[in-house]
Amino acid sequence: MNALELDRAARQRAQQDLAQGPDRGTVWTRRTFLHESLRQGAAGAAAFGFLPLINTLDIAYAQGQSFRFAWVSDTHLYPRNVNTRFVDKAVRAFKEVQAMNPPADFLIFGGDLAQLGDPVELQLGAELLGEIKIRKLFIPGEHDWYLDMGATWNRMFGASPWTFDHKGVRIIGLDTISHAPDFWTSRKYSAHERMGHMSVLDGTLGGAWSAVGDKQMQFISSTLSNWPKGAPVIIFTHTPLYEYYPAWNFWVRDWKVVQELLAPYSNVTNVHGHVHQVLYNEIGKMRSIGMLATSWPWPYAPEGVPTLTKPMIRADPGDHFDGVGWASLQSGVGGRVDNEYRMWRKTVFADAAADSGTDDNRNQVLSPRLSDRL
Ligand SMILES: [Fe+2]
Ligand SMILES: [Fe+2]
């Protein structure tokens, strides 16, 4: 076996060892929402041609206080004179976040505010974000970064990593995107050429660019050194903290080190963007949630979709508000937290009985999406 195969075998073992799973005092349930078309029964679904679903994830902490926050990411703004389609969707998300009642305690903007790192795009993003008056925290995406290597981003939105405590939860924001190997200097690429290569899903020149890196590993280590092993931790990243699909950088290349580092902590949740799709995974004691984009939904990877994910049905190509959205996470009485994908699908009418997102991961087998079978 080569090194990658050994790593994958280790991950496989970690995933199969339920005794090592996340803290079961934190209960996750998942509701599945069905689309209006299904009201007419199977014939309606068949006539519609696909079976749209959205998912919510509910978390109930065994202890902790109440709070609620919002996540928006992957707006991919172009300058207004290029197009306003993505602007419209970012505006909608920010208005909806600001209208939350009761208000969210804070907003996490999870990266890819801009499309090509253009200061005009980042400035536009900052203006649109002005709609939101609650506390805002930022982590960068690769589309924000590789034109000027983060200079404008850091000046406007602050540098990562960062950490703070909020009502019994230690919260950490990481930069997983500034770690690309230097493919540009020897080729004498311009900044725009570099950004162009970094802005495509399956670009080969950037290679395995996503990582946490040694400095941030030390940051996590020292941040958690005085934190009780069973107390809740939320880590925000642009890319997922595990290996989902390396070919599209749906991972961090040093995921194995991250997971070893976090192994002593039994209540870690990683919330990430970049994948532009509903994802849920558990590896060892860490749970991981992939968030919707406001811009467009990426396809699911051809392999490696986490078994605990109910893949969302692909978007209606005639509706650019379909398959995208934002998310809120709300903690209620007794520390119960509901995490909900706010997908902008037109007519959601019912939710199915809650099913467990944690206890049956050995029994869940990923099968072709219903839309593919129809
Ligand atoms: Fe993105
Ligand atoms: Fe991204």
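The protein chain of this predicted model has an average pLDDT of 79, and 74% of its residues score at least 70, where pLDDT is the predictor's confidence in each residue, from 0 to 100. Over residues 26-62 the pLDDT is below 50, although this stretch has 93 contacts in the model beyond near neighbours in sequence; two residues are in contact if their C-beta atoms, placed from the backbone, lie within 7 Å. The pLDDT is also below 50 over residues 332-337, a stretch with 15 contacts in the model beyond near neighbours in sequence. Because the model is predicted, local features need pLDDT of at least 70 and side-chain atom pairs count only at pLDDT 80 or more, whereas totals for chains, interfaces and linings use all residues. Residues are numbered from 1 along each chain as its sequence is written, while chains are lettered from A and ligands numbered from 1 in the order in which they are written.

The protein chain contains ten helices and 15 strands, these being DSSP runs numbered from the N terminus (helices: H or I, at least four residues; strands: E, at least two). Of its 374 residues, 44% count as buried; a residue is buried if 20 or more other C-beta atoms lie within 10 Å of its own, exposed if 12 or fewer, and partly exposed in between, with C-beta atoms placed from the backbone. Among contacts in the protein chain with a separation of 6 or more, 75% come from residues 24 or more positions apart.

Helix α3 (residues 85-98) consists of 14 residues and reaches 20 Å from its first C-alpha to its last, close to the 20 Å expected at 1.5 Å a residue, the expected span being 1.5 Å times one less than the number of residues. Its buried residues are F86, K89, A90, A93, F94 and V97, and they lie on the same side of α3 because they cover an arc of only 130° around the axis. The arc is that of the directions from the helix axis to the C-beta atoms. In helix α7 (residues 191-198), R194, M195 and M198 are buried, and their arc of only 95° around the axis puts them on the same side of α7. The buried residues of α7 pack against α5 (142-145).

Six strands form an open sheet of mixed pairing, in the order β6-β7-β8-β9-β11-β10; two strands pair if DSSP finds at least two bridges between them. The edge strands, each pairing on one side only, are β6 (162-166) and β10 (279-283). Strand β6 runs antiparallel to β7 (residues 169-173), to which five bridges join it, and W162 has G173 as its bridge partner in β7. These two strands form a hairpin with two residues between them, and K167 in the turn has a positive phi of about 45°.

Most residues other than glycine have a negative phi, and most peptide bonds are trans. Phi is positive, near 55°, in D74, which is placed in the loop between β3 (68-72) and α3 and is buried, with 28 other C-beta atoms within 10 Å.
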